[in-house]
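Student: Can we go through this one together? I'd like to start with the strands and then move to the helices and rings.
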Amino acid sequence: MTASAKRAKGVRALKALLLVAILALGLLPGLFAPEKAHAASGTVTLVGWEDSITEYGWTQRTRYMELNGQLAICCQHFSDTPPVGTPATVIEADVSNDLMRKVAWYGWGGPGSLSELSLVQTACAMSNANNEDLTLTGRDALAAVADLPSPPSSFVLTKWSTGGVTQDLVTWTYQPYGG
């Protein structure tokens, strides 16, 4: 085999290796990206401290809550708080309402949290964005986030029912490198 034939064979082998590497790099992230999996049911695991604010002559209150050990924000502000042990089922596994997603992202406890929004302001804004229980406190907090950029697609908001008598809740997952 001549030197030029060996060189041509080596170039073809290198091209083939590069093609395999490019394909592997293109496919690997999809193989390891987290799935948007959601539990079909859960339980209110904590009802803690109360947050309140007095604005416009009204005092708005909410409680810190967790569902399956994760922060949960009410989205029906004037309904009763679910007690610890209340079962919950998924209503919507990947909420598409952009205002609700923004409230969760920029609100109290969210990954993009604005320091000026309290838990009760976040809960009131979430209820307003969910077209429930419109409050002036919620209106003002919603206005603070409405024109901000939408959260990334890897920020997944889940809406839960606690049985119809008590508040529906939202939780979220965020995997910055997964989607």
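This is a predicted model: local features need pLDDT of at least 70, side-chain atom pairs count only at pLDDT 80 or more; totals for chains, interfaces and linings use all residues.

Student: Strand β5 first. How many of the residues of β5 are buried?
Tutor: 7 of the 7, over residues 155-161, so β5 is largely enclosed by the rest of the structure.

Student: Which residues point which way from β5?
Tutor: Phe155, Leu157, Lys159 and Ser161 point one way, and Val156, Thr158 and Trp160 point the other way.

Student: What does β5 pair with?
Tutor: Strand β4 (residues 87-92) runs antiparallel to β5, joined by 3 bridges. Strand β6 (residues 169-174) is also antiparallel to β5, over 6 bridges.

Student: And where does Trp160 sit in that?
Tutor: Trp160 is the bridge partner of Val90, and Trp160 also stands opposite Leu169 in β6.

Student: OK, helices. At what angle do α2 and α3 pack?
Tutor: Helix α2 (residues 98-106) and helix α3 (residues 119-129) pack at about 170°, and their axes are 8 Å apart. The cut-off for roughly antiparallel is over 145 degrees, so α2 and α3 are roughly antiparallel to each other.

Student: Which residues make the contact?
Tutor: From α2, Leu99, Met100, Val103 and Ala104; from α3, Thr122, Ala125, Met126 and Ala129. The residues of that contact divide into 7 nonpolar, 1 polar and no charged.

Student: How many residues of α3 are buried?
Tutor: 11 of the 11, so α3 is largely enclosed by the rest of the structure. The buried residues of α3 pack against β1 (41-55), β2 (58-67), β3 (70-74), α2, α4 (136-146) and β6.

Student: What follows α3?
Tutor: Asn131, with a positive phi near 60°.

Student: Switching to rings. How many aromatic pairs are there?
Tutor: The count comes to 8 aromatic pairs. In one of them, Trp105 and Phe155 have ring centres 5.1 Å apart and planes at 85°, so the pair is edge-to-face. Trp105 is in helix α2 and Phe155 in strand β5, 50 residues apart.

Student: Are those two buried or exposed?
Tutor: Trp105 is buried, at 11% relative accessible area. Phe155 is buried too, at 0%. The rings of Phe155 and Tyr174 also pair edge-to-face, with centres 6.3 Å apart and planes at 65°. Tyr174 lies in strand β6, so this pair ties together parts 19 residues apart in sequence.

Student: What about the accessibility of Tyr174?
Tutor: Tyr174 is at 31% relative accessibility and counts as partly exposed.

Student: Which residues form the cluster?
Tutor: Trp105, Tyr106, Phe155, Trp172 and Tyr174 form one aromatic cluster.

Key
Residues are numbered from 1 along each chain as its sequence is written. Side-chain values use heavy atoms; hydrogens and water are left out. Buried means under 20% relative accessible area, exposed over 50%, partly exposed in between (1.4 Å probe, protein chains only). Helices (H or I, at least four residues) and strands (E, at least two) are DSSP runs, numbered from the N terminus. Two strands pair if DSSP finds at least two bridges between them. Axes are lines fitted to C-alpha atoms, for helices over the stretch in contact, and angles run from 0 to 180 degrees between N-to-C directions. Angles under 35 degrees count as roughly parallel, over 145 as roughly antiparallel, 65 to 115 as roughly perpendicular and the rest as oblique. Contact means heavy atoms within 4.5 Å. Ala, Val, Leu, Ile, Met, Phe, Trp, Tyr, Cys and Pro count as nonpolar, Asp, Glu, Lys and Arg as charged, and the others, Gly among them, as polar. Rings of Phe, Tyr and Trp (its six-membered ring) pair if their centres lie within 6.5 Å; planes under 30 degrees apart count as stacked, over 60 as edge-to-face and the rest as tilted.
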